[in-house]
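Reader: I am new to this structure and would like to go through one spot in it with you. Could you show me the model before we start?

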Amino acid sequence: MTTPTEKLVAEGVSIWLDDLSRERITSGNLAALITDRNVTGVTTNPTIFAGALAKGSAYDETIRDLKSQGADTETSIFTITTTDVRDAADIFRPVYDATGGVDGRVSIEVSPELAHDTDGTIAQAKELWTVVDRPNALIKIPATKAGLPAITEAIASGISVNVTLIFSLERYAAVIDAYLTGIERAKAAGHDISTIHSVASFFVSRVDTEVDKRLTAIGTDAAEALKSRAGIANARLAFELYEKEFATERATALVAAGATVQRPLWASTGVKDPALPDTLYVTELVARGTVNTMPEKTLEATFDHADVVGDTITGNYADAHAVFDGLASVGIDFADVTQVLEDEGVEKFIASWHELQATVTTALENADV
């Protein structure tokens with residue numbers, strides 16, 4: 001019997017888990033998800049690490065060791081997160097090898113406090129890449145205006161990058177250009193460009209949350225009819241743009257020279273509105289060459305009952321454009337929506353970073369050495 005997750009993989013979708021903790025690593029849970037749920041990668045962020053450290057006792061011994069060494073909060077966070085990512089990368093190494101480096105990837109994010117600091121982002125991306133020291137790592141860099149040149153510099157230096165917090169097509173086009181420019185520079189510098197990988201993380205459910213709030217405020221029948229449609233339409237148009245940009249002479253020449261395409265990744269795929277199907281952002285965003293990174297709840301729902309019927313993106317571009325025409329006609333300023341979402345995304349990750357700092361500080365203070 002074929003499971004829904006197996007069907008997704010057969011349709012060319014890579015399933016990544018949007019979660020990581022020391023307990024997942026040591027308990028065998030992460031390895032089991034590879035075998036039982038077709039998971040081929042992991043993404044992390046400050047919120048995930050803050051949650052992991054706040055629960056249970058899996059980090060107690062590490063915290064005691066760090067305290068005995070006199071480590072401060074920032075050093076402790078860096079050590080804990082890079083260790084988890086390195087160990088997870090080792091678990092996923094067979095997947096990485098089997099897929100020629102496409103999957104088996106584990107992401108770690110630069111500090112969100114650097115979101116508007118290009119030089120700081122570049123320095124930390126290089127430090128994380130060096131310390132994690134695994135070819136299947138991805139360094140997460142936000143697609144802020146300051147992040148774009150940092151993405152290019154990281155790629156040019158031979159670092160594989162997960163570009164995060166993408167909401168608008170305009171910014172996505174700039175992300176693709178940043179990637180291709182980085183590959184061009186890496187090639188000129190003599191790097192083996194076939195080893196440099198990247199995904200572009202397009203956020204989905206957050207778009208619906210913000211747009212639906214505005215549609216409710218408008219309150220007309222036409223506005224109500226557009227609810228819960230913007231996120232999927234936006235992602236589908238992102239895939240249309242991806243197909244167009246990677247078919248250009250510039251991109252195809254680089255691919256012919258050994259470069260990999262920067263795959264679209266659907267992030268924020270947990271459903272926020274309980275009235276919606278819990279696998280909506282999985283089954284409606286199926287296309288070959290995409291990644292869907294899922295919280296565990298969404299992964300389990302997908303495995304249990306997702307109705308995977310094939311490609312649900314490439315035949316729906318006209319409908320996606322119609323949704324955006326409709327949004328414009330009822331007065332939704334989508335450029336404002338995406339700017340609000342980017343600003344909020346950075347602010348939320350900074351808040352999680354501060355929560356992580358507070359959790360680690362308290363743990364260090366209370367540790368018995």
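Reader: Is Lys-140 buried or exposed?
Author: Lys-140 counts as buried because its relative accessibility is 5%, where buried means under 20% relative accessible area, exposed over 50% and partly exposed in between, with a 1.4 Å probe and protein chains only. This is a predicted model, in which local features need pLDDT of at least 70, side-chain atom pairs count only at pLDDT 80 or more, and totals for chains, interfaces and linings use all residues. Residues are numbered from 1 along each chain as its sequence is written, and side-chain values use heavy atoms, leaving out hydrogens and water.

Reader: Which strand is Lys-140 found in?
Author: Lys-140 belongs to strand 4, residues 137–142, with strands being DSSP runs of E of at least two residues and helices runs of H or I of at least four, numbered from the N terminus.

Reader: Changing topic, which residue in strand 5 does Lys-140 stand opposite?
Author: Lys-140 stands opposite Asn-162 there. The chain gets from strand 4 to strand 5 through helix 8 (residues 147–156), in a right-handed β-α-β crossover, meaning that, with the strands pointing away from the viewer, the path from the first strand over the helix to the second runs clockwise.

How values were computed
Two strands pair if DSSP finds at least two bridges between them.
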